[in-house]
Amino acid sequence: MANFNNDVGLSPDFGISIERNPKTITVSFGDGMEQRLTEGLNQNPRKIALNFKNITEAQSDTLINFLNLRITNGDSFDFTPPNDTVGKFIIDGNYKKTINFANLADVSVTFREVFEP
């Protein structure tokens, strides 16, 4: 299993966005009462938006190569966000590399938590 923290060796810049998406079903009754039920075993996956600013071209190449390989083989990977717990993630949507200065780049990417055996 690939591990982002070990394989890439970069820490994202602060300003990290961690979004939770609880899976619940709400049943509304005619008398104004309602009941909320959780759906499934893993009801609260995380979506984490990360930015890596002013990293070297070599570091950005390592990061992009890691992301490209996960897209190619469809595998999830382990990731431990700062001040949070480890989880299995996949790349959610697009990721972007911007070259602002010679030999310095910014990379932005969003990870989505998945639950696998």
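Are Phe4 and Phe77 buried or exposed? Both Phe4 and Phe77 are buried. The model is predicted. A search of the whole structure turns up ten aromatic pairs.

**The Phe4–Phe77 pair**
- The ring centres of Phe4 and Phe77 lie 6.3 Å apart, and the planes meet at 40°.
- That angle falls between the 30 degree limit for stacked and the 60 degree limit for edge-to-face, so the Phe4–Phe77 pair counts as tilted.
- This pair links distant parts of the chain.
- Phe4 belongs to helix H1 (residues 4-8), while Phe77 belongs to strand E6 (residues 77-79).
- The two residues are 73 residues apart.
- Phe77 has a relative accessible area of 0%, so it is buried.

- Phe66 sits in helix H2 (residues 57-73), and Phe77 in strand E6.
- Phe66 has 6% relative accessibility; the cut-off for buried is under 20%, so Phe66 counts as buried.
- Arg70 lies over the face of Phe66, at 4.3 Å from the ring centre.

**The ring cluster**
- Ring pairs join Phe4, Phe52, Phe66, Phe77, Phe79, Phe89 and Phe111 into a cluster.
- The cluster therefore includes both partners of the tilted pair, Phe4 and Phe77.

- Strand E3 (residues 24-28) and strand E4 (residues 34-38) run antiparallel.
- Five bridges join these two strands.
- Ser28 has Glu34 in E4 as its bridge partner.
- Thr26 has Arg36 in E4 as its bridge partner.
- Five residues lie between the strands of the hairpin.
- In this hairpin, Gly32 takes a positive phi near 90°.
- In a regular strand, side chains alternate between the two faces of the sheet.

Terms used: Residues numbered from 1 in each chain as written. Predicted model: local features only at pLDDT ≥ 70, side-chain atom pairs only at ≥ 80, totals over all residues. Heavy atoms only, no water. Phe/Tyr/Trp six-rings, centres within 6.5 Å; stacked < 30°, edge-to-face > 60°. Helix = DSSP H or I, 4+ residues; strand = E, 2+ residues; numbered from the N terminus. Buried < 20%, exposed > 50% of the residue type's maximum accessible area, 1.4 Å probe, protein only. Lys NZ or Arg CZ within 6 Å of the ring centre and 35° of its normal. Pairing = 2+ DSSP bridges.
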